[in-house]
Amino acid sequence: MSVTKLDGCRLQKMMIAGANELNTNKLTVDAMNVFPVPDGDTGTNMSLTMLAAARESEKADILHVGEVAKKAASGALRGARGNSGVITSQLLRGFSKGLEGLETAGTKELAKAAEQGVKTAYKAVMKPKEGTILTVARACAEAAQQFAEETEDVEVFLQGVLERAHEVLNQTPDMLPVLKQAGVVDAGGRGLLYILEGALKHINTKDTLTVAEPLETKQEDYAALAAVDHADIVFGYCTEFFIHVDHPDQGAVQRLKSYLGSIGDSVVCVSDEEIVKIHVHTDHPGLALEKALTLGSLSGLKIDNMREQHTNKIDFTQKAAVVQKTEVPTEKPKKNIGFVSVSVGKGLTEIFHNLGVDEVIEGGQTMNPCTEDILNAVDKINADHVFILPNNKNIILTAEQAAELSEEKQLHVIPTKSVPQGICAMFCNKEDADVAELEEEMKEAMTAVTTATVTFAVRDTVIGDKEIHEGDILGMLNDNICVVGSEVAESTKDLLAHAVTEDSEMISIYYGEEVSAEDAEAMAALVEETYPDCEVELQAGGQPLYYYIISVE
């Protein structure tokens, strides 16, 4: 049956199908990581972002394409993880703007929305590169313009767009030499096409589709479900719901947020023109619901008993009337500046806390925190200004997106690309610091450190003039592979020969969970002997995947 117009129901189903298709193939996309190190997470980030978008699209009250697209964009915005996830969320955001107010959409409307999506995504990236997901998205939009003039059949239209996009995807190695060297096409671009392929497969389906649960990740993946330590849960019930109200009174929303902070923690309170989304951990969900009812009607209620580690679906009509007395927890002292850092590994987390970081989001390499994770951590800090240290180049865009969404507090993103840069920046922290001066000092300090890391190859490939085999030890200097070896100690020694210069004064070594204290001490002794003019410091980082993270200053 020919489809010439998409209604909201069909678009919703296509959103779900696209998210599920990417979820099924996310590990394939992960494996397209340019470098053969065990932190390829493009597919995982995009998949989690799209699943969040699909779940939110299911909550559309009016099944018009504009409403469904708006819900999907809202879900993606708050669920975005990593650069690829942020770009995906921006594509959906622009797509939503292009469909705003429409009940149905034909090929011409879809082409216009695709064009708007690409414009929005390009604006979100400071220095767009050709040969990336942006290139593939632009190819989709350009093809959409052409095929919209040739056909009104949405299925034929999408088939034409996908065919042209695959041609451009296959050209990405010619646009980015590093892709050609690695023998892969752009991972983000391939992830985008999995979404479109899933949508096309189900454009005519009559089956009821449900959003899939995220596939199990590889054993070495480390989640960053941020800001909640389930081993030490203060408040037992994770409570989430939506308040429906036209043009929310921001003053009332802020008062609700303050109240929720008095009966719990991990408060997230975000609003748009029609809804307020609430997330709070509390021992008294009934009180949260009673207070929320003063603003508007509620829906999407979900209350999970975190201490029992299973979901309890609680009937709203029973729980909304519960009023309990509660002790207001002692609020942390107000301060001018707070800090959130992303890291992984017990030792590194302790180091950041000792340097004055208020909240450490454990994640980083294989599972980047999403926008809402960062906002959740920020909300726990009683400060007007909060500095964010991403400590990973793939988290910077997410942090910047969180800064745009933050309403109550002013967020300052220090664009740290590694843990050593984050640690070096935190050394600038001092009591009663001026916000502007501290931001400038931290950004300058992070540039003074060279980051060297030692990990292992997860597949065979060729990078530049280096032939790499699965299991090889890789020495990386500021994200560039400069050593390929067979032994950790020898490769680390060779890597430091590239990293240490005659101007170097300090070498800090953070050893990972796979390295014994004895081996680490032997390495530190070797470094002290080799570089007698440098001060050498050894600390247990406890990080996964990387044998050593080394800072050279």
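**Burial, cavities and a sheet**

Modeller: In this predicted model, Asn 394 is placed in the loop that runs between β8 (383-389) and α15 (396-405).

Colleague: Why does Asn 394 count as buried?

Modeller: Its relative accessibility is 17%, and a residue is called buried under 20%. Asn 394 is therefore buried.

Colleague: Which residues is Asn 394 in contact with, leaving aside its neighbours within four places in sequence?

Modeller: The contacts are Asp 41, Asn 45, Gly 82, Asn 83, Ser 84 and Asn 368. Each has heavy atoms within 4.5 Å of Asn 394.

Colleague: Ala 141 has its place in helix α6. Why does Ala 141 count as buried?

Modeller: The relative accessibility of Ala 141 is 7%. Since the limit is under 20%, Ala 141 counts as buried. Beyond the neighbours within four places in sequence, Ala 141 is in contact with Ala 114, Glu 115 and Val 118. Ala 141 and Lys 112 are 29 residues apart in sequence, while their C-alpha atoms are 8.1 Å apart in space.

Colleague: How many cavities of 30 Å³ or more does a search of the whole structure find?

Modeller: The search finds three. Among the 25 residues lining the largest cavity, Leu 92, Phe 95, Ala 114, Leu 192 and Leu 196 are the closest to its centre.

Colleague: Which elements give two or more residues to the lining of the largest cavity?

Modeller: They are α1 (8-30), α4 (82-98), α5 (107-124), α6 (133-150), α7 (154-175) and α9 (187-201). Helix α5 gives the most, with five residues.

Colleague: How do the residues of this lining divide into nonpolar, polar and charged?

Modeller: There are 23 nonpolar residues, two polar ones and no charged ones.

Colleague: Why is β13 described as largely enclosed by the rest of the structure?

Modeller: Five of the five residues of β13 are buried, so the strand is largely enclosed. Ile 473, Gly 475 and Leu 477 point one way, whereas Leu 474 and Met 476 point the other way. In a regular strand, side chains alternate between the two faces of the sheet.

Colleague: What makes β13 (residues 473-477) and β14 a pair?

Modeller: Pairing requires at least two bridges, and these strands are joined antiparallel over five bridges. The two strands therefore pair. Leu 474 has Val 484 of β14 as its bridge partner. In the hairpin of β13 and β14, two residues lie between the strands, and Asn 478 takes a positive phi near 50 degrees. Strand β10 (residues 450-456) also pairs with β13 in the antiparallel sense over five bridges, with Val 454 opposite Gly 475.

Colleague: What makes β14 (480-485) and β16 the edge strands of their sheet?

Modeller: The sheet is open, its six strands follow the order β14-β13-β10-β17-β15-β16, and its pairing is mixed. Strands β14 and β16 each pair on one side only, and they are the edges. Neighbouring strands are turned against each other by 20 degrees on average, direction ignored.

Colleague: Which strands of the sheet does α13 touch?

Modeller: Helix α13 packs on the sheet and touches β15, β16 and β17, and its direction makes about 115 degrees with that of β16. The buried residues of α13 (residues 346-354) are Gly 347, Leu 348, Thr 349, Ile 351 and Phe 352. Their cover includes β6 (335-343), β7 (359-362) and α16 (419-426). After α13 comes Gly 356, with a positive phi near 110 degrees.

Key. Residues are numbered from 1 along each chain as its sequence is written. This is a predicted model: local features need pLDDT of at least 70, side-chain atom pairs count only at pLDDT 80 or more; totals for chains, interfaces and linings use all residues. Side-chain values use heavy atoms; hydrogens and water are left out. On a 1 Å grid over the protein atoms alone, a cavity is a set of points where a 1.4 Å probe fits but cannot get out, and a pocket is an open set with protein on both sides within 12 Å along at least five of seven lines; lining residues have an atom within 4 Å of a point. Grid points are joined across faces, edges and corners, and a volume is the space filled by probe spheres set on the points. Helices (H or I, at least four residues) and strands (E, at least two) are DSSP runs, numbered from the N terminus. Ala, Val, Leu, Ile, Met, Phe, Trp, Tyr, Cys and Pro count as nonpolar, Asp, Glu, Lys and Arg as charged, and the others, Gly among them, as polar. Buried means under 20% relative accessible area, exposed over 50%, partly exposed in between (1.4 Å probe, protein chains only). Axes are lines fitted to C-alpha atoms, for helices over the stretch in contact, and angles run from 0 to 180 degrees between N-to-C directions.
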